Each structure stands twice: as structure tokens, then as C-alpha cells.
Amino acid sequence: MPNVIGVSSREDFADQLPKEQIGVEVGVWHGDHAQVLLEQARPVTLYLVDPWKVNDDITNRTSTMETTQQELDRVFDSVVHRFRDFPAVTILRMTSVEAAERLSLVHWVYIDAIHTYESVKADIAAWRDLIIDEGMICGHDDWVPGIRQAVKEHLQEYPDDRLEVVGAYSWAIRCRDVQAFR
Ligand SMILES: C[S@@+](CC[C@H](N)C(=O)[O-])C[C@H]1O[C@@H](n2cnc3c(N)ncnc32)[C@H](O)[C@@H]1O
């Protein structure tokens, strides 16, 4: 793949994101990756979006291990505690689509929620129009067939968007808002 940057760790991946901008992580769980995003991309605002809600749809192997709402409530509390001294962080306890409806423009979004084709397709669709020109839409687990398919279809539907970074099981697409120039 010409002009695609390869990275070998999630730190290196996060380092490719626009710095000191507005970012979103969709699917936070305990906040381990959110911590990496904070440290490497140093966003001025980082929205952490996750319903922390028991959901029968979460059946893939990268899903949470907690099985009761009580356990997920405890995870949520731990995330609130973990990021309490980071003024850049805003926690949105809601689904990806609900958060996308609530927010306006952002510079990048990292999608790591439900890993089915339908969910990732819906997440990409929900966030794509919120990404400013030259911003990035990214996500985890590019080896999952449904995710690969959703990403591939996005690149076909938005021919000006370019796959720019791969590696560390992640993918990142640079978004070009051709509408802005019409
Ligand atoms: C694989 S975990 C995220 C792991 C995290 N990104 C990390 O690497 O540290 C998936 C998360 O997606 C969340 N989730 C499930 N449905 C969601 C939805 N509709 N919108 C946003 N997050 C969702 C789950 O609650 C779970 O915490």
C-alpha cells in the first residue's frame, strides 16, 4: 500500500494523530487505551464515549469480561476516578451514535466499540461527517473481517479519504472534506 505509514505499537499509532486537537475514543472500557491517546496525542479535549451497559450484542472476543451491570458500574466509577485530574477529558456515558448526535466538529475519532460489521459501519457513518477536513477516523482490530469490510466500503464511498496509518491492530483514514471546497 503506497504512502501508508506502518506502526508497531499503539503508542506509535497514537503519535500519528493530530496533536493538541479535539479527539474522541468510542469504546473505553477501563481507559487503558484512552490513557495512551492522552499521553501521545495530548488532545485539548478528549471525549470518552461508552455506555458501560450490559448489552447482549457484545459477543465478540474483544468485548468486556464483565457480565453484570453492577460490575460495569464499577468499571465506569474507576474510569471517572482514573481521569479525574485530566481537565481535557469529558466522559460521555452513552452509545457511539448518541454521542455523535450530541457533538459537533472533532479532529479525530478512534472506534473500538462493538466489532460487528453492522456496528462499525454505523459508527463510521455516525462520525464521518463530524470530522473536520484533514482530520482522521480510526479504529481497532482491523483483522476482524466485518471491520475490514466496513473500512473497505468506506474508502469506496469516500474516494477522497485515504488509508494513512496501519499497524498495532489499528487503522486510520485521513478525511478530505471535498464539500468544503465546492
Ligand atoms: C474492546 S472494549 C474497549 C477497549 C478500550 N478501547 C481499550 O483498548 O482500552 C469495547 C467497549 O465498547 C463499549 N461499547 C459497547 N457498545 C458501545 C456503543 N454502542 N458505543 C460505544 N461504546 C460501546 C463497551 O462497553 C466496552 O467498554
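Of the 182 residues in the protein chain, 36% are buried. The model is predicted.

**Overall build**

The protein chain holds six helices and eight strands. Along the sequence they run β-α-β-α-β-α-β-α-β-α-β-α-β-β. The radius of gyration is 16 Å, close to the 16 Å from the globule rule for 182 residues, so the protein chain is as compact as a globular protein of that length. Its C-alpha atoms fill a box of roughly 50 × 35 × 35 Å along the principal axes. Among contacts with a separation of 6 or more, 66% join residues 24 or more positions apart.

**Helix α2**

Helix α2 spans residues 32-41, and A34, L37, L38 and A41 in it are buried. Seen down the axis of α2, these buried residues fall within an arc of 105 degrees, so they line one face of the helix. An α-helix has 3.6 residues a turn, so residues three or four places apart point the same way. D32 and E39 are exposed, on the face of α2 turned away from its buried side. R42 follows α2 and has a positive phi, near 45 degrees.

**Ligand shell**

The ligand is surrounded by 19 residues. G27, W29, H33, S96 and A113 are the closest. By type, the shell divides into nine nonpolar, seven polar and three charged residues.

Technical notes: Residues are numbered from 1 along each chain as its sequence is written. This is a predicted model: local features need pLDDT of at least 70, side-chain atom pairs count only at pLDDT 80 or more; totals for chains, interfaces and linings use all residues. A residue is near a molecule or strand if its C-beta atom, placed from the backbone, lies within 6 Å of it. Ala, Val, Leu, Ile, Met, Phe, Trp, Tyr, Cys and Pro count as nonpolar, Asp, Glu, Lys and Arg as charged, and the others, Gly among them, as polar. A residue is buried if 20 or more other C-beta atoms lie within 10 Å of its own, exposed if 12 or fewer, and partly exposed in between; C-beta atoms are placed from the backbone. Helices (H or I, at least four residues) and strands (E, at least two) are DSSP runs, numbered from the N terminus. The arc is that of the directions from the helix axis to the C-beta atoms. The radius of gyration is taken over C-alpha atoms; the globule rule is 2.2 Å times the number of residues to the power 0.38. Two residues are in contact if their C-beta atoms, placed from the backbone, lie within 7 Å.
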